[in-house]
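Thanks for coming, everyone. Let me put the structure up, and then we can walk through it together.

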Amino acid sequence: MRIDILTIFPEMFRGPFSHSIIKRALEKKLVEIHLHDIRDHATDKHRRVDDYPFGGGAGMVMMIEPIERCINSLTKERDYQEIIFMTPDGEPLGQPLCNHLSTHKNLILLCGHYKGIDQRIRDHLVTKEISIGDYVLSGGEIPAMVLTDAIVRLLPGVLGDETSALSDSFQDNLLSPPVYTRPADYKGWKVPDVLLSGHDRRITEWRYEQALRRTRERRPGLLDE
Ligand code: ADE
């Protein structure tokens with residue numbers, strides 16, 4: 001899979017993408033992530049990417065031309081299944097959407113800033129709009145990192161144990177059960193006996209009951225879906 005990220009702050013991504021699972025996926029060439037500075041596609045000598053909003057009001061609006069030029073430089077090289085704009089008024093991100101996007105070959109993620117991007121980019125170039133939650137962040141960069149992480153960990157071969165993404169919270173509309181490691185007794189805080197029993201079937205049953213109970217207590221709505 002290939003993910004192209006369009007942003008005016010490419011440096012923001014370098015830290016998050018150079019650790020842990022994403023780092024390993026990049027090293028193993030299971031994913032390619034390309035960062036593009038929208039400013040490199042500006043047409044004037046000041047490398048301007050934003051302008052005042054028509055009709056007045058506070059804040060600047062990202063201009064069409066640098067973004068269109070950046071998108072065109074990519075789409076002329078290969079087909080993209082989606083050109084995704086990260087925005088709080090987009091489709092709410094959930095595990096089913098992550099699963100679906102992880103099956104694509106090429107994705108573009110567009111990060112907005114300031115007051116937003118010219119609506120005509122959304123009308124004519126963007127194919128999907130995604131929100132990571134009902135709160136407003138300063139830009140689309142952190143949402144793009146969230147989406148990238150959620151997708152990359154699902155790609156075949158990325159997680160050590162092939163089944164481990166399947167047991168994540170939300171994959172079956174259940175939250176994950178509690179997990180424990182050594183010591184079995186820490187100052188009197190004990191690990192549930194069943195997990196020490198070596199009895200596989202009872203352990204599986206216990207985990208399922210715990211997942212169900214946790215979901216009922218914390219996110220009952222998931223059980224209706
Ligand atoms: N940009 C700013 N806030 C956002 C959010 N909650 N989701 C996606 N993109 C955003």
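Which residues of E6 are buried on one side, and which on the other? Asn106, Ile108 and Leu110 are buried on one side, and Leu107, Leu109 and Cys111 on the other. Buried here means under 20% relative accessible area, with exposed over 50% and partly exposed in between (1.4 Å probe, protein chains only). In a regular strand the side chains alternate between the two faces of the sheet.

Quick housekeeping: this is a predicted model, where local features need pLDDT of at least 70, side-chain atom pairs count only at pLDDT 80 or more, and totals for chains, interfaces and linings use all residues. Residues are numbered from 1 along each chain as its sequence is written, and side-chain values use heavy atoms, leaving out hydrogens and water. Strands (E, at least two residues) and helices (H or I, at least four) are DSSP runs numbered from the N terminus.

So, who sits beside E6? E1 runs parallel to E6, joined by five bridges, and Leu6 stands opposite Leu110. E5 is also parallel to E6, again with five bridges, and there Phe85 faces Leu110. For pairing, DSSP has to find at least two bridges between two strands.
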